[in-house]
Amino acid sequence: MVNEELWQAVLAQIQLNISSANFATWFKNTQITSQKNGVVFISVPNSFVKEWLEQKYNKIIIKILRNLDKEIKDVRYDIGKSGLKVFKKNPSVIYQEGQLEFQEFKIDSETNLNPRYTFDTFVVGPFNELAQAAASAVVKSPGQVYNPFFVYGGVGLGKTHLLEAIGNGIVKNFPQKKVQYIPTEKFVSEVISSIRNHQIEKLKLAYQAIDTLIIDDVQFLAGKEKTQEEFFHTFNALYEKNKQIILSSDRPPKAIPALAERLRSRFEGGMIADISYPDYESRIAILKAKCLERKSELPEEIINYIAANIQRNIRELEGALNILIAYQKLNSSLPELKTVKSLLNNLISSPVRVVNAKKIIKTVSEFYDLKEKDLTSSSRKKEIVKPRHIAMYLLREELKGSFPFIGRKLGSKDHTTAIHAYKKISKELDQNEGLLEEINLIKQRVLSE
Ligand code: ADP
Ligand code: MG
């Protein structure tokens, strides 16, 4: 088995189990250098990564390697300098167009856009057609139709892809326009460091020179007052000049906690479109499109199996394909359905989702950017009381918890407090669609973690 292909197959599986930031941090510039007597030697860029892989990832690496090759017994990590060179010169054999190549290698340094994301590769179905249609309109006449354009939806459903496709489309249609894509976290850190270095005016000017500003994942503005203020000014300056602003978030503007009211109303002032979960047919279409992209043919039976079993995340659909294509390349044959099932075991047979009080409380506090102990405190602050009521409501609705139990779970409150909270939220739900949507988003998260 070729070392490089073997390592790509391992990375394909690891990538599915950890966040992309972690993946890039710990697995960039790693490779298998050799194998001897059942020991696989992995070269890593520095001692920090070596230690981390040994302590945190060793078990899973060995497990995946053994699944692919039963002869493998152990793994050693060596610090080597060659990682980067090899990766760059000889990019992954298997995933020429896939996710595995580290994105930095492809991103346009001026616009920060990744040319991989275009409308051509964006599959449209009932779950995303409104967002896609609005996005196409924005590409045709930026700054004119939907401004700002705000897209929201859950993890791995195509927000970044769509935003970047708009950016790439505008660059193509209007080469003279200055387009800039920036993840919110990066914007936040730019603002913080320019404040520290007394360069905030310079940063402002730089942003005001942009014709199309794309900011991804604006839910991360939650609670960042100073950044919100800067962003508000930038937003206004661009908006007044009819410059296009495009935003994404994992939830609608009104559900972003600790967002200044004036910014929220700006976000709501244009077009808001959501992306929901892809239906079965759309999942099949996406899988087929990705197979074509990779020049790989998988039998109908396998495609159907994946589409039936991975339902809530397009990134995971892609991940499943990565694993199967890696297998196909390694073995020069298609896996049988039985093998497919065991290869995708990690992805699919996640244990029956358990919902318990702890999980509900954790999810509600994360959703509202609070600490769990705020929720269970006796604070009467508005921004804490509402989430606390919602947690109580969910404990009743989802767990059928008794009111004394609910009171206890939220910091030894009296059962009458829990009854009051439950009634209050139930009543409000009848009149307030925003709240309904908010609670549905929280429920989805409780179930999907
Ligand atoms: P999000 O930003 O919502 O978390 P991404 O845009 O990163 O999701 O999408 C996750 C992966 O799924 C990406 O590789 C993307 O190319 C792919 N993807 C998402 N939506 C589609 C689609 N409609 N058609 C094809 N690929 C898609
Ligand atoms: Mg994204």
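Biologist: Which helices each supply at least two residues of the shell around ligand 1?
Modeller: α6 (159-173) and α13 (314-331) do. Keep in mind that this is a predicted model.

Biologist: How many residues surround ligand 1, and which are the closest?
Modeller: There are 19 residues around ligand 1. The closest are Val 123, Gly 156, His 161, Lys 290 and Glu 318.

Biologist: What classes of residue make up the shell around ligand 1?
Modeller: Eight are polar, six are nonpolar and five are charged.

Biologist: Which backbone atoms lie by an oxygen atom of ligand 1?
Modeller: Gly 156 has a backbone N or O atom 2.7 Å from an oxygen atom of ligand 1. For Leu 157, a backbone N or O atom lies 3.2 Å from an oxygen atom of the ligand.

Biologist: And what about the side chain of Thr 160?
Modeller: An N or O atom in the Thr 160 side chain is 2.8 Å from an oxygen atom of ligand 1.

Biologist: How much of ligand 1 does the protein bury?
Modeller: The protein buries 96% of the 560 Å² that ligand 1 exposes when taken alone.

Biologist: New topic. How do the axes of α8 and α9 cross?
Modeller: The axes of α8 (residues 200-208) and α9 (residues 225-240) cross at roughly 35° and come within 9 Å. The crossing is right-handed.

Biologist: Which residues make the contact?
Modeller: From α8, they are Ile 200, Lys 204, Tyr 207 and Gln 208. α9 brings Glu 230, Thr 234, Ala 237 and Leu 238.

Biologist: How does that contact of α8 with α9 split by class?
Modeller: It has four nonpolar, two polar and two charged residues.

Definitions and conventions
Residues are numbered from 1 along each chain as its sequence is written. Chains are lettered from A and ligands numbered from 1 in the order in which they are written. This is a predicted model: local features need pLDDT of at least 70, side-chain atom pairs count only at pLDDT 80 or more; totals for chains, interfaces and linings use all residues. Side-chain values use heavy atoms; hydrogens and water are left out. Axes are lines fitted to C-alpha atoms, for helices over the stretch in contact, and angles run from 0 to 180 degrees between N-to-C directions. Helices (H or I, at least four residues) and strands (E, at least two) are DSSP runs, numbered from the N terminus. A crossing is left-handed if the near helix is turned anticlockwise from the far one by less than a right angle, and right-handed if clockwise. Contact means heavy atoms within 4.5 Å. Ala, Val, Leu, Ile, Met, Phe, Trp, Tyr, Cys and Pro count as nonpolar, Asp, Glu, Lys and Arg as charged, and the others, Gly among them, as polar. A residue is near a molecule or strand if one of its heavy atoms lies within 4 Å of it. A polar contact is a pair of N or O atoms within 3.5 Å; within protein, one must be able to donate a hydrogen and the other to accept it, and residues adjacent in sequence count only if both atoms are side-chain atoms. Accessible areas come from the Shrake-Rupley method with a 1.4 Å probe; for residues, only the protein chains shown count as cover.
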